[in-house]
Amino acid sequence: MSDVFAVDLALDLSPNLPDAVLAHLRRHLEGDSPDDGSGEVDWPDFVPLLADRGPATRIGGLLTGRLVQASDHWSLTARQEIHAELLPELVALAEMLAFNARADGVIGQVRFYEDEIPELLINRSGTLVKMPLREAEPIAYRHLP
């Protein structure tokens, strides 16, 4: 058994994204580099959370991550497998994304790879809110004669 979580992120970010935030996000997407201008070169324990590409090992489908600048904002989409020990770093990244998100609402989801029901990541006025979902109660249908 593995402690892997499926992570999906999809959101639009402010057009005025600070350079440090943009550099930090790019480092997560592109992987380690000696100096990317983010000031994180001295962080030997930094793990890029959005850099894996190709077939997913546990969650099926593909691992991806892309940041694109549109005319009036940045758009981020990522799908990754994250090990449980990296969840605190993922939460910190999601908090940064929520703070810089362009609109309130769902910005992603996290799900233990063996579970069917995810926990939503929601931006509420720049604050990250995690909302666990649960299975709906079965509805008893009455059969008509």
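Which residue forms a salt bridge with Asp8, and how far apart are the closest N and O atoms? The partner is Arg79, with the closest N and O atoms 3.5 Å apart. A salt bridge here means a side-chain nitrogen of Lys or Arg within 4 Å of a carboxyl oxygen of Asp or Glu.

A quick word on what you're looking at. This is a predicted model, where local features need pLDDT of at least 70 and side-chain atom pairs count only at pLDDT 80 or more, while totals for chains, interfaces and linings use all residues. Residues are numbered from 1 along each chain as its sequence is written, and side-chain values use heavy atoms, with hydrogens and water left out.

**The fold**

The protein chain has two helices and seven strands, running β-α-β-β-β-α-β-β-β along the sequence. Helices (H or I, at least four residues) and strands (E, at least two) are DSSP runs, numbered from the N terminus. Of the chain's 145 residues, 40% count as buried; that's under 20% relative accessible area, with exposed being over 50% and partly exposed in between (1.4 Å probe, protein chains only). Take the contacts (heavy atoms within 4.5 Å) between residues at least 6 apart in sequence: 53% of them join residues at least 24 apart. The accessible surface comes to about 9,000 Å², and 52% of that belongs to carbon and sulfur atoms. These areas come from the Shrake-Rupley method with a 1.4 Å probe; for residues, only the protein chains shown count as cover.

**The salt bridges**

The structure holds two salt bridges. In one, Asp8 sits in strand S1 (residues 4-13) and Arg79 in strand S4 (residues 74-83), so the pair ties together parts that are 71 residues apart in sequence. In the other, the side chains of Arg102 and Asp72 meet at 3.0 Å, N to O. Arg102 is in the loop between helix H2 (87-100) and S5, and Asp72 is in the loop between strand S3 (62-69) and S4, so to speak a link between distant parts of the chain, 30 residues apart.

Here is how accessible these residues are:

| Residue | Relative accessibility | Class |
|---|---|---|
| Asp8 | 22% | partly exposed |
| Arg79 | 22% | partly exposed |
| Arg102 | 42% | partly exposed |
| Asp72 | 37% | partly exposed |

**A charged patch**

Glu114, Asp115, Glu116, Glu135 and Glu137 form a negative surface patch. Patch members have over 30% relative accessible area and no salt bridge, with like charges joined within 9 Å. Glu116 lies in the loop between strand S5 (105-112) and strand S6 (119-124), and at 75% relative accessibility Glu116 counts as exposed.

Conventions:
Patch = residues over 30% accessible without salt bridge, like charges linked within 9 Å, V, L, I, M, F, W, Y side chains within 5 Å. Lys, Arg positive; Asp, Glu negative; His and termini not counted. Charge placed at Lys NZ, Arg CZ, Asp CG, Glu CD.
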